[in-house]
Amino acid sequence: MNNNKRMKLSSPINYILLLSITLVAFVTYRDMLGYFFTGIDTLALIETSRIHSLKDVVKILTESMMSDTGFTEFLKYYRPLTMLSYGLDYSLWKLNPFGYQTTDLVLHLLVAIFVFLLVWSLTNGNQVKAWLSSIIFTTHPILVANVPAISRRADILATL
């Protein structure tokens, strides 16, 4: 495609498309903002991710996930970004599930926007393909298992 005819990312129509993706994501997942903690390991993840000092940050960066629990007898996961995100959420929201759900929704929205940008880039600025790809990603039913489940935030962060 000729560079003169190529659509600029900063065009007003792209801003409208990104706004519509944001609205669709919010409408799709707004009910989750009222959910309590889902998943039996969520509270253990939050408990072992609290940040009270620099020592806690070092621990998150150097030890396995949930290292203070008996879960590490069975398996060891190293997810420092996920643990840091729980620690930041706890600093902001304490044990209010609304905050954790809001974080998951914002992270999902960021991934949806990146899907738009990726497809837009790969298709030389085709807005229809980029928008449709992002909408399908945003509303795909398989994500219902991840987006509202705080304990599965690692999946959203890995995608991001």
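This report covers the fold, salt bridges, surface and cavities of a predicted model.

## Basis

The model is predicted: local features need pLDDT of at least 70, side-chain atom pairs count only at pLDDT 80 or more, and totals for chains, interfaces and linings use all residues. Residues are numbered from 1 along each chain as its sequence is written, and side-chain values use heavy atoms, with hydrogens and water left out.

## Overall fold

The protein has seven helices and zero strands. Its pattern along the sequence is α-α-α-α-α-α-α. Helices (H or I, at least four residues) and strands (E, at least two) are DSSP runs, numbered from the N terminus.

The C-alpha trace spans about 60 × 30 × 30 Å along its principal axes. Of the 160 residues, 38% are buried. Buried means under 20% relative accessible area, exposed over 50%, and partly exposed in between (1.4 Å probe, protein chains only).

## Salt bridges

The whole structure holds three salt bridges. The term stands for a side-chain nitrogen of Lys or Arg within 4 Å of a carboxyl oxygen of Asp or Glu.

R153 pairs with D89, with the closest N and O atoms 2.7 Å apart. This pair links distant parts of the chain: R153 sits in helix α7 and D89 in helix α4, 64 residues apart. Both residues, R153 and D89, are buried. R153 also forms a salt bridge with D104, where the closest N and O atoms are 2.6 Å apart. D104 belongs to helix α5 (residues 97-122) and R153 to helix α7, so this pair ties together parts that are 49 residues apart in sequence. D104 is buried, as is R153. Through shared partners, the salt bridges join D89, D104 and R153 into one network.

A further salt bridge joins the side chains of E47 and R50 (3.3 Å, N to O). E47 counts as partly exposed because its relative accessibility is 45%.

## Surface

V106, L110, F114 and L160 form a nonpolar surface patch, with about 340 Å² of accessible area together. Patches are made of residues with over 30% relative accessible area and no salt bridge; like charges are joined within 9 Å, and nonpolar side chains (Val, Leu, Ile, Met, Phe, Trp, Tyr) within 5 Å. Accessible areas come from the Shrake-Rupley method with a 1.4 Å probe; for residues, only the protein chains shown count as cover. L160 lies in the segment after α7 (153-159). L160 counts as partly exposed because its relative accessibility is 40%.

I40 lies in the loop between α1 (12-29) and α2 (42-47). I40 is exposed, because its relative accessible area is 89%. The C-alpha atoms of I40 and I113 are separated by 30 Å, with the two residues 73 apart along the chain.

## Cavities

The count is two cavities of 30 Å³ or more. A cavity is a set of points, on a 1 Å grid over the protein atoms alone, where a 1.4 Å probe fits but cannot get out; lining residues have an atom within 4 Å of a point. Grid points are joined across faces, edges and corners, and a volume is the space filled by probe spheres set on the points.

The largest cavity has a volume of about 70 Å³. Its lining consists of T48, K59, I60, E63, S64, M65, M66, S67, R79, P80 and M83. Helices α3 (54-62) and α4 (80-93) each supply at least two residues of this lining. By class, the lining of the largest cavity divides into five nonpolar, three polar and three charged residues. Ala, Val, Leu, Ile, Met, Phe, Trp, Tyr, Cys and Pro count as nonpolar, Asp, Glu, Lys and Arg as charged, and the others, Gly among them, as polar.

Definitions and conventions: 1 Å grid on protein atoms, 1.4 Å probe; cavity = no way out; pocket = protein on both sides within 12 Å on 5 of 7 lines; lining within 4 Å.
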